[in-house]
Amino acid sequence: MKTVIVCRCEDITEKEIVDAIHAGYTDFEELRKNLRIGMGPCQGRVCIPLVKKILQRETGRKVEENPTVRPPVVPIPLGMLTKGWENEE
Amino acid sequence: MHLRIREHPIIDFSGREKISFYFNGEKIVGYKGDSIASAIHASGVKRLSESLKGRHRGFFCGIGKCSSCLMTVNGIPNIRTCIAPLQEDINVETQSKSVPWPKVDYDAWEDGLNIEVDILVVGAGPAGLSASIEAAKQGATVLLVDENPRVGGQLIKQTHKFFGSKHEKAGIRGVDIAKDLEREARDHSNIKILLESTVFGVYEDPSYNGFTFGVMKRENYKSRLVKVHCKEVIISVGAMENMLLFPGNDLPGVYGAGGVQTLMNVYGVKPGNKVLMVGAGNVGLIVSYQLLQAGVDVDRVVEAAPIIGGYHVHAAKLRRFGVPIYTSHSIKEVYGNDCVEGAFVVELDENWQPIEGSEENVECDTVCLAVGLTPSTRLLEQLHVEMADIPEAGGRVAIHDEYMETSVRGVYVSGDSSGIEEASTAMIEGKISGISAALALGYNRDAEELRKEYIERLEKLRAGPFGEKPRIAKRKILEEWRRYHGRL
């Protein structure tokens with residue numbers, strides 16, 4: 001089977017996801033925690049619809065949920081948070 | 001190899017100021033108005049970054065979402081070069097899989113800033129701009145935030161004239177609508193615009209009775225934290241290009257149709273010299289035609305469905321130029337070493353399964369995917385609004401009432417992030433959301449009458465045969481809304 005990339009940030013392939021589903025990781029959160037899909041810099045913007053499709057195809061279940069979204073939704077440099085404050089005007 | 005567009009029938013790219021900068025130590029030249037990624041792509045370099053396992057990554061979405069273009073600029077890693085403006089003498093480096101730990105440079109970040117405002121509008125596309133203008137007209141103070149260095153969202157690359165009604169600027173090109181809306185927004189002193197800024201999260205602040213958002217503002221590749229306090233928020237952040245599953249789908253040269261449009265029509269850069277277009281909906285057909293206008297060869301358009309999804313006029317234009325459209329055909333595989341060198345397409349049977357022996361080799365340097373969009377809903381999900389899966393809307397969307405308010409009071413949606421549609425309806429939805437947000441805060445010059453008129457205009461726009469899909473989507477959203485409220 002030729003390599004088909006699903007998660008571009010973490011280099012997770014379709015085969016890895018299918019194998020994980022058949023090993024019993026049958027929802028988004030389990031797949032994410034097992035494979036790190038959607039945990040790279042794009043935070044799942046590319047791969048979530050694809051994973052949903054694969055999950056539906058492999059389990060026959062209608063997948064309605066999206067994985068939990070936590071702040072920050074984009075990577076931010078930690079140093080930015082360490083600086084002081086000023087008020088506008 | 002240079003990929004600058006020499007001549008264009010609609011946009012004049014001549015006379016721009018040259019800007020020189022360093023790419024991996026070598027001096028190259030771009031133009032004022034370029035993004036870092038567009039200037040590098042124009043010089044023929046398609047590999048911008050490397051994934052964690054060392055796979056090549058290039059441009060894909062072109063609007064700061066896919067993260068395939070992260071590079072190191074002036075020593076600062078992970079800069080989204082597709083939305084970072086090019087500046088004189090900067091030092092840009094390809095980021096490899098083993099990014100060294102960045103040196104702690106305390107000057108790379110500016111002091112944080114607090115802003116308090118009536119309404120925060122996230123996304124300055126057709127919906128967000130319209131929302132801001134309407135809310136400001138009623139008297140509310142507005143903060144309009146966008147990730148890109150300029151306002152207009154996807155309008156700034158739409159060189160075709162709009163259909164629809166006169167009210168919604170039919171007959172005017174998207175690029176010109178963007179200019180009109182920007183002028184109008186900037187005329188209102190109660191609209192503050194923050195560009196190159198990303199709203200990255202919703203936070204609880206017990207000291208403030210309202211919403212608290214974290215925003216990252218970038219300037220000269222440095223970032224600054226902005227804390228926004230607001231009474232209400234309008235989410236109009238648009239959508240993300242869909243990807244397909246096939247071997248080679250991550251090779252540089254496989255681009256989203258929106259990304260290709262941005263490269264050509266905003267920056268004057270060709271994606272390549274020969275394109276295979278995947279998808280014959282309106283986006284696939286329009287972008288194919290725009291590729292021809294930019295002087296790029298379009299080998300063919302393949303469409304998995306048995307019929308062409310887009311308007312007949314767009315398909316006819318392509319046929320006149322001799323570009324064949326193959327329905328019931330799909331992409332099977334893309335091949336190439338460093339970037340795309342060709343693709344195999346395959347015919348599909350009535351069950352959408354590949355027909356054995358029907359593979360055909362297409363030599364091309366670019367594969368353009370125009371296979372739909374998915375609404376961006378991450379901030380909405382963080383705000384815990386009620387969502388529903390509605391295929392006609394492009395996926396999971398926030399349910400909302402006819403005033404564009406979600407299940408959380410004070411949170412509104414409009415445009416593609418409330419369900420995939422097009423720019424004319426995004427503008428009206430934006431107006432409705434802006435006026436509703438202002439009205440809820442007590443700003444009411446002529447809000448109620450205007451809102452009634454806008455709702456009627458929106459219905460009229462969707463009345464035609466091409467409005468069928470969004471009509472179904474919006475009906476389902478309203479049904480879900482009623483069901484949710486019946487449950488309460």
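1. Let's start with how far apart two of the domains sit. In this predicted model, the centres of domain 2 and domain 3 of chain B, taken over C-alpha atoms, are separated by 31 Å. If you want to find them, chain B is divided into domain 1 (18-106), domain 2 (110-239 + 376-487) and domain 3 (254-373). Notice that domain 2 is written as two stretches, 110-239 and 376-487.

2. How many residues of domain 2 of chain B are in contact with domain 3 of chain B? Nine residues of domain 2 meet nine residues of domain 3. On the domain 2 side, that splits into three nonpolar, four polar and two charged residues.

3. Now have a look at where the two chains meet. Chain B puts 47 residues into the contact, and chain A puts in 36 residues. On the chain B side, the elements giving two or more residues are the strands β8 (109-122), β11 (197-203), β12 (211-219), β13 (222-235) and β25 (395-398), plus the helix α7 (378-382). Which of them gives the largest share? That would be β8(B), with seven residues. Sorted by class, the chain B side has 20 nonpolar, 15 polar and twelve charged residues.

4. Next, go to a pair of helices in chain B. The axes of α8 (residues 423-440) and α9 (residues 447-461) come within 10 Å and cross at roughly 155°. Because angles over 145 degrees count as roughly antiparallel, α8(B) is roughly antiparallel to α9(B). As for handedness, the crossing of α8(B) and α9(B) is left-handed.

5. What do these two helices touch each other with? From α8(B), the residues include B:Ile428, B:Ile432, B:Ile435 and B:Leu439. From α9(B), they include B:Leu450, B:Tyr454, B:Ile455, B:Leu458 and B:Leu461. Charged residues take part too, among them B:Glu429 and B:Lys431 of α8(B), and B:Glu448, B:Arg451 and B:Arg457 of α9(B). By class, the contact of α8(B) with α9(B) has eleven nonpolar, three polar and five charged residues.

6. Is B:Glu184 buried, exposed or partly exposed? There are 16 other C-beta atoms within 10 Å, so B:Glu184 is partly exposed; buried would take 20 or more, and exposed 12 or fewer.

Key
Residues are numbered from 1 along each chain as its sequence is written. Chains are lettered from A and ligands numbered from 1 in the order in which they are written. This is a predicted model: local features need pLDDT of at least 70, side-chain atom pairs count only at pLDDT 80 or more; totals for chains, interfaces and linings use all residues. Two residues are in contact if their C-beta atoms, placed from the backbone, lie within 7 Å. Helices (H or I, at least four residues) and strands (E, at least two) are DSSP runs, numbered from the N terminus. Axes are lines fitted to C-alpha atoms, for helices over the stretch in contact, and angles run from 0 to 180 degrees between N-to-C directions. Angles under 35 degrees count as roughly parallel, over 145 as roughly antiparallel, 65 to 115 as roughly perpendicular and the rest as oblique. A crossing is left-handed if the near helix is turned anticlockwise from the far one by less than a right angle, and right-handed if clockwise. Domain bounds come from an automatic or database domain assignment.
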